Structures are given as C-alpha cells and as structure tokens.
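Here's a quick walk through one protein model, written for someone who wants to look at side chains. Have the viewer open as you read.

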Amino acid sequence: EDETRRYRPTKNYLEHLPALNLTSFETDLMRTEFERLANRQAMDTMSMKRYELPTPPAGKMTDVQAWSECVDNSQAQLEHQRTRLMNLDLMLEYGGESWKVYNDVLQEMLNKTQTQLADVKKNIQEINWSRKNQQTQVGEKLKQLES
C-alpha cells in the first residue's frame with residue numbers, strides 16, 4: 001500500500017488505446033429501458049389481457065360459432081394454467097435434487113481441473129529443475145575446459 005500511495009503516474013499509459021465505447025453492447029431494448037430509467041418513468045404494468053376470457057362481440061351474442069371460439073379459448077387457457085401448475089409441482093418435487101446433481105457435476109469438473117493444474121505445475125517444476133541441473137553440469141564442464 002505504501003508503494004501505491006507514493007506512485008504518481010507521469011503520463012496516461014492508456015492513451016494509445018481507442019476511446020472506450022460503452023454503448024457498443026447495448027441492444028435497442030436496453031437502450032429504450034435506459035432512456036425510461038433516465039426519464040424516471042414508471043415501468044409499464046403487466047398486461048393481463050391474455051388471461052381474460054372475453055365473450056363474443058355484441059353483434060354475435062347468438063352466434064354458436066362465436067361462443068364455440070370463446071369456449072375453445074377458455075379451454076386453451078385452462079390447459080396452459082394446468083401445465084404451469086404441473087411444472088411447478090415437478091420443480092418442487094425434483095428441482096432441488098437436480099440442482100444438487102448439477103452442483104456435484106460442477107464440483108467434479110473443478111476437482112479434475114485442479115488435478116490437471118497440479119500436474120502441469122509439477123511438470124513445469126520438473127522441467128525447470130532439469131534445466132537448472134543441466135546448466136549447472138555444463139557450467140562445471142566449461143570451468144574445467146577453461147582451466
């Protein structure tokens with residue numbers, strides 16, 4: 001810490017790099033959301049229109065086909081909600097266990113990677129030791145040849 005407090009950079013060592021473009025990763029959706037936040041506008045409320053069960057238009061109240069379409073729509077929405085509830089039940093029953101299995105897989109990958117890292121470090125150490133040993137032996141030979 002003492003060194004970092006005493007160090008005073010003499011020039012901008014990043015001046016050879018182009019200027020940072022912070023908006024290059026933004027999508028149109030992100031840009032509009034950032035504008036909404038900057039203008040302090042409230043978030044749009046979630047539309048519940050898709051969950052409504054409308055009756056046929058006023059002119060078709062006696063039309064069997066229009067009522068049939070409304071019933072089909074309500075059955076489709078009911079089936080969708082039933083599927084969502086079934087998925088939630090499955091997640092409650094098996095979701096925790098699947099996360100445990102996933103964590104076990106990640107832990108196994110970590111262990112393998114750490115073992116590989118240890119092997120690589122061991123190989124590097126052996127190579128460095130053999131080079132040092134070889135250079136020491138050659139140095140002794142050079143000393144003998146010089147004398």
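What follows is a short tour of helix α3 and a few residues around it.

First, the ground rules: this is a predicted model, where local features need pLDDT of at least 70, side-chain atom pairs count only at pLDDT 80 or more, and totals for chains, interfaces and linings use all residues. Residues are numbered from 1 along each chain as its sequence is written, and side-chain values use heavy atoms, with hydrogens and water left out.

Helix α3 covers residues 64-146; helices here are DSSP runs (H or I, at least four residues) numbered from the N terminus. At the start of α3, a side-chain oxygen of Asp-63 comes to within 3.3 Å of the backbone nitrogen of Gln-65. Further on, α3 bends by about 50 degrees at Tyr-94, the bend being the angle between axes fitted to the seven residues ending there and the seven starting there.

Now for the aromatics. Rings of Phe, Tyr and Trp (its six-membered ring) pair if their centres lie within 6.5 Å, with planes under 30 degrees apart called stacked, over 60 edge-to-face and the rest tilted. That rule gives 1 aromatic pair. Trp-99 and Tyr-102 make up this edge-to-face pair, at 5.5 Å centre to centre and 80 degrees between the planes. Both sit in α3, 3 residues apart, or about one turn of the helix. An α-helix has 3.6 residues a turn, so residues three or four places apart point the same way.

How exposed are the residues in this tour? Buried means under 20% relative accessible area, exposed over 50%, and partly exposed in between (1.4 Å probe, protein chains only).

| Residue | Relative accessibility | Class |
|---|---|---|
| Trp-99 | 55% | exposed |
| Tyr-102 | 44% | partly exposed |
| Gln-77 | 17% | buried |
| Arg-36 | 14% | buried |

The buried residues of α3 are Ala-66, Cys-70, Gln-77 and Gly-95. What does the side chain of Gln-77 reach? It gets to the backbone oxygen of Glu-52, at 3.2 Å. Setting aside neighbours within four places in sequence, Gln-77 is in contact (heavy atoms within 4.5 Å) with Arg-50, Tyr-51, Glu-52 and Leu-53.

Thr-55 is in the loop between α2 and α3. Thr-55 and Trp-67 are 12 residues apart in sequence and 7.3 Å apart, C-alpha to C-alpha.

Last stop: Arg-36, in helix α2 (residues 28-38). Beyond four places in sequence, Arg-36 is in contact with Gln-41, Ala-42 and Met-43.

Terms used
Helices (H or I, at least four residues) and strands (E, at least two) are DSSP runs, numbered from the N terminus. A polar contact is a pair of N or O atoms within 3.5 Å; within protein, one must be able to donate a hydrogen and the other to accept it, and residues adjacent in sequence count only if both atoms are side-chain atoms.
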